[in-house]
Amino acid sequence: MILMEELPEQAGEQGRGEGRLSCATMTERFDCHYCKESLFGKKYVLREDNPYCVKCYESLYSNTCEECKKPIGCNSRDLSYKDRHWHDNCFHCFQCKRSLADKPFSTKDEQLLCTECYSNEYSSKCHACKKIIMPGSKKMEHKGNSWHETCFTCQRCQQPIGTKSFIPKDSHNYCVACYEKQFAMQCIHCKKPITTGGVTYHDQPWHKDCFLCTGCKQQLSGQRFTSRDDFAYCLTCYCNLYAKKCASCTTPISGLGGSKYISFEERQWHNDCFNCKKCELSLVGRGFLTERDDILCPECGKDM
């Protein structure tokens with residue numbers, strides 16, 4: 001006869017022990033290991049190969065039921081969870097009182113709850129269908145809201161988003177492809193959607209990677225640039241291609257950013273280069289004389 005109980009040495013969920021409840025029929029002396037009373041004709045329990053009468057065994061080794069606080073006897077089923085024990089008929093939901101024996105259950109504040117009661121009381125509700133998200137089922141979360149996996153869908157194509165990238169807009173979620181089709185601006189150069197990091201030039205949208213200098217093809221995003229005939233140029237290319245050259249140092253005069261220059265008879269000079277050829281005195285704002293291609297201050301020009 002199998003003992004329907006859990007011994008202290010064993011562990012498990014809704015566990016059951018393996019002691020043997022037997023009946024003594026042998027003719028030699030056979031006594032209880034604890035009280036020494038004869039076990040002839042009586043039921044007994046073997047524990048570590050030692051026989052115990054039922055009374056001694058229950059007194060020494062039976063677990064106490066968490067619900068009714070009574071011992072769980074040899075003839076009762078002992079259900080256990082995290083070192084706590086219950087009679088079979090005491091192992092029930094804290095709220096609805098239905099039996100939890102051999103059924104899934106949850107715990108809250110050490111109270112046992114069937115999955116239905118736990119869900120009604122504590123589980124998240126789906127932001128889309130407003131139904132309960134059952135414990136153990138997969139759910140999606142974003143900014144404090146929860147969805148069933150099948151309810152977390154793209155607003156446009158209605159396909160589940162799952163773990164793929166998505167873009168929220170106006171309290172709705174969109175897969176990347178649908179968002180780009182419906183909302184994203186298209187780059188004037190490559191005609192593809194701009195999802196992040198675009199720039200605007202002449203009221204037209206560009207990808208950063210597409211907005212390049214017409215001359216050297218380097219990116220213009222984040223640096224100074226200018227234009228000619230509606231084409232954008234970095235300052236270096238613009239100066240090399242179109243700027244006038246200084247009559248003194250021969251480098252381009254950009255005239256950009258408020259820089260000043262001197263112009264005289266179709267020749268130009270940087271402000272810093274407009275100096276007397278002989279004494280190098282700055283002639284900006286002063287009178288000067290010319291001798292062929294040179295400019296001179298009045299003092300140096302007296303000997304001309």
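User: Which residues have the most contacts inside the largest nonpolar core?

Analyst: A nonpolar core is a set of buried Ala, Val, Leu, Ile, Met, Phe, Trp, Tyr and Cys residues joined through side-chain atoms within 4.5 Å; buried means under 20% relative accessible area (1.4 Å probe, protein chains only). Here the largest one has 15 residues, and Trp86, Phe91, Cys93, Leu100, Phe105 and Leu112 have the most contacts inside it. Strand E7 (111-114) gives the most to this core, with 3 residues. Strands are DSSP runs of E, at least two residues, numbered from the N terminus.

By the way, this is a predicted model: local features need pLDDT of at least 70, side-chain atom pairs count only at pLDDT 80 or more, and totals for chains, interfaces and linings use all residues. Residues are numbered from 1 along each chain as its sequence is written, and side-chain values use heavy atoms, with hydrogens and water left out.

User: What does Trp86 touch?

Analyst: Contact means heavy atoms within 4.5 Å. Leaving out residues up to four places away in sequence, Trp86 touches Cys65, Glu66, Ile72, Arg77, Phe91 and Leu112, among others.

User: How do strands E8 and E9 run?

Analyst: Two strands pair if DSSP finds at least two bridges between them. E8 (residues 139-142) and E9 (residues 145-148) are antiparallel, joined by 4 bridges. Lys139 stands opposite His148 in E9. The two strands form a hairpin with 2 residues between them, and Lys143 in the turn has a positive phi of about 50 degrees.

Notes: Buried < 20%, exposed > 50% of the residue type's maximum accessible area, 1.4 Å probe, protein only.
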